[in-house]
Amino acid sequence: MDSMDSLNFALGTIPFGSTVSPEDSFAILDRFAEAGGTLLDTANNYPFWLEGRTGDESEQTIGAWLAARGNRDRMVLSTKVGARPAVPGDRTLDSAEGLSREAIAKGVEGSLRRLGTDRIDLYWTHIEDRSVPLEETLGALDELHRAGKVDRVGASNIPAWRLERARALARSNGWLPYTHLQLRHSYLRPRPWARLPEGGHTQVSDETLDYVRHEPDLTLWAYSTLIFGAYTRPERMPEAYDHPGTAARLRVLREVAGELGATPNQVVLAWLMAQGIVPIVGVSRMEQLEEAVGAARVKLDQELMARLEEPA
Ligand SMILES: NC(=O)c1ccc[n+]([C@@H]2O[C@H](COP(=O)([O-])OP(=O)(O)OC[C@H]3O[C@@H](n4cnc5c(N)ncnc54)[C@H](OP(=O)(O)O)[C@@H]3O)[C@@H](O)[C@H]2O)c1
């Protein structure tokens, strides 16, 4: 599912149908598919936190596009459950639906309806819900798999120890295990212990990367890979990235990009892809998509990877 000939990044779709108009979203989706992209990342709550939005918009826009183009079978649909507010109008995660059997059964029907399909290729638990036993969540996901509604499952915003526990439980009960993990990750790293302003975000850790490297059947998808555009728009760099390591890494990143005739954003995406990580790229304009598509042509050999890893 994750390997493709030309384009091994997923298209992030948070603004589709809201801050990016349906027409512009269709144009971006068309170009992505034309360039060989197949992986579409959405959730059953994008973008519920914006005034006047329900959280249906992204899935609905993708569903409308798939129907208009008749290309459902060519695309890999990745969507999520767990973080949709149960109280309409709540713009926080305080009333999140969570991961009970009932919430998951209801959640999947909503996503299937909005996406206009009978199956989800990759279904994620969006956040953790420690009020529900892992057995209940995993059993519910397995039921969806056996019913043919969900092909594979992934966990987002979960620490390594809980993921390992979930995978061990699934193995011992014969349930479909999590084979995908989705966390925030980019070339630049926030200060350890920094509190990220984006409430639900979980930053990748060394421990998680170590775990992923040693689990051949586990694939990491990274989000906020371009740090909201901050590599080229420094005013967007979050405060949590303000430390000496950032300056050192930016220096090498720019050097390498210059030598390759690539942009820093492209080198960041190529750096992730070279490690077998699937970057999710959020774009709101066509030229941003073109820049990401161009990253597939940027090849980083061992020497360049080592140079990029040099600054701590
Ligand atoms: N699992 C989770 O909890 C989780 C959390 C967050 C995101 N995600 C997924 O990851 C996707 C992307 O995440 P994200 O939007 O947080 O982060 P991102 O990809 O780092 O940032 C996307 C934004 O960066 C700017 N940008 C993109 N390409 C650019 C370029 N070439 N040059 C300059 N600026 C550029 C654009 O801002 P402007 O639109 O302002 O131009 C774009 O909207 C989401 O759509 C979603 O699918 C998942």
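Is S224 buried or exposed? S224 counts as buried because 21 C-beta neighbours lie inside 10 Å. The cut-offs run as follows: a residue is buried if 20 or more other C-beta atoms lie within 10 Å of its own, exposed if 12 or fewer, and partly exposed in between, with C-beta atoms placed from the backbone.

This is a predicted model, in which local features need pLDDT of at least 70, side-chain atom pairs count only at pLDDT 80 or more, and totals for chains, interfaces and linings use all residues. Residues are numbered from 1 along each chain as its sequence is written.

## The barrel

Eight strands close into a barrel. Their order is β1-β2-β3-β4-β5-β6-β7-β8, and the pairing is parallel. On average, neighbouring strands of this sheet are turned by 30° against each other, direction ignored. Such angles run from 0 to 180 degrees between N-to-C directions, and the axes are lines fitted to C-alpha atoms, for helices over the stretch in contact. Strands (E, at least two residues) and helices (H or I, at least four) are DSSP runs, numbered from the N terminus. Two strands pair if DSSP finds at least two bridges between them.

| Strands | Bridges | Residues opposite each other |
|---|---|---|
| β1 and β8 | three bridges | L11 and V281 |
| β2 and β3 | three bridges | D41 and S78 |
| β4 and β5 | five bridges | I120 and V150 |

β2, helix α2 (residues 57-69) and β3 make a right-handed β-α-β unit. A crossover is right-handed if, with the strands pointing away from the viewer, the path from the first strand over the helix to the second runs clockwise. The chain then crosses from β3 through α3 to β4, and this crossover is right-handed. The crossover from β4 through helix α4 (residues 134-146) to β5 is right-handed. β5, helix α5 (residues 160-173) and β6 form a right-handed β-α-β unit.

β3 is mostly covered, with five of its six residues buried. Strand β5 (residues 150-156) is mostly covered too, with six of its seven residues buried.

## Around the ligand

The shell around the ligand has 26 residues, and G12, Y223, G229, G282 and S284 come nearest. A residue is near a molecule if its C-beta atom, placed from the backbone, lies within 6 Å of it. The elements that give two or more residues to this shell are β8 (278-282) and α9 (286-295). The largest share, three residues, comes from β8.

By class, the shell has eight nonpolar, 15 polar and three charged residues. Here Ala, Val, Leu, Ile, Met, Phe, Trp, Tyr, Cys and Pro count as nonpolar, Asp, Glu, Lys and Arg as charged, and the others, Gly among them, as polar.

W221 is found in strand β7 (residues 219-223). W221 counts as buried because it has 25 C-beta neighbours inside 10 Å. Residues up to four places away in sequence aside, W221 touches A10, H180, Q182, V278 and I280. Contact means that the C-beta atoms of two residues, placed from the backbone, lie within 7 Å. W221 and I62 are 159 residues apart in sequence, and their C-alpha atoms are 20 Å apart in space.

R91 lies in the loop between β3 (76-81) and α3 (101-115). R91 counts as partly exposed because it has 13 C-beta neighbours inside 10 Å. Leaving aside neighbours within four places in sequence, R91 is in contact with F48 and W49. The C-alpha atoms of R91 and R191 are separated by 27 Å, and these residues are 100 apart along the chain.

## Backbone exceptions

Most residues other than glycine have a negative phi, and most peptide bonds are trans.

The peptide bond from Y46 to P47 is cis, with omega near -10°. P47 is found in the loop between β2 and α2.

S224 has a positive phi, near 50°. S224 is found in the loop between β7 and α7 (244-260). I227 is in the loop between β7 and α7. Phi of I227 is positive, near 45°. I227 counts as partly exposed because 19 other C-beta atoms lie within 10 Å.
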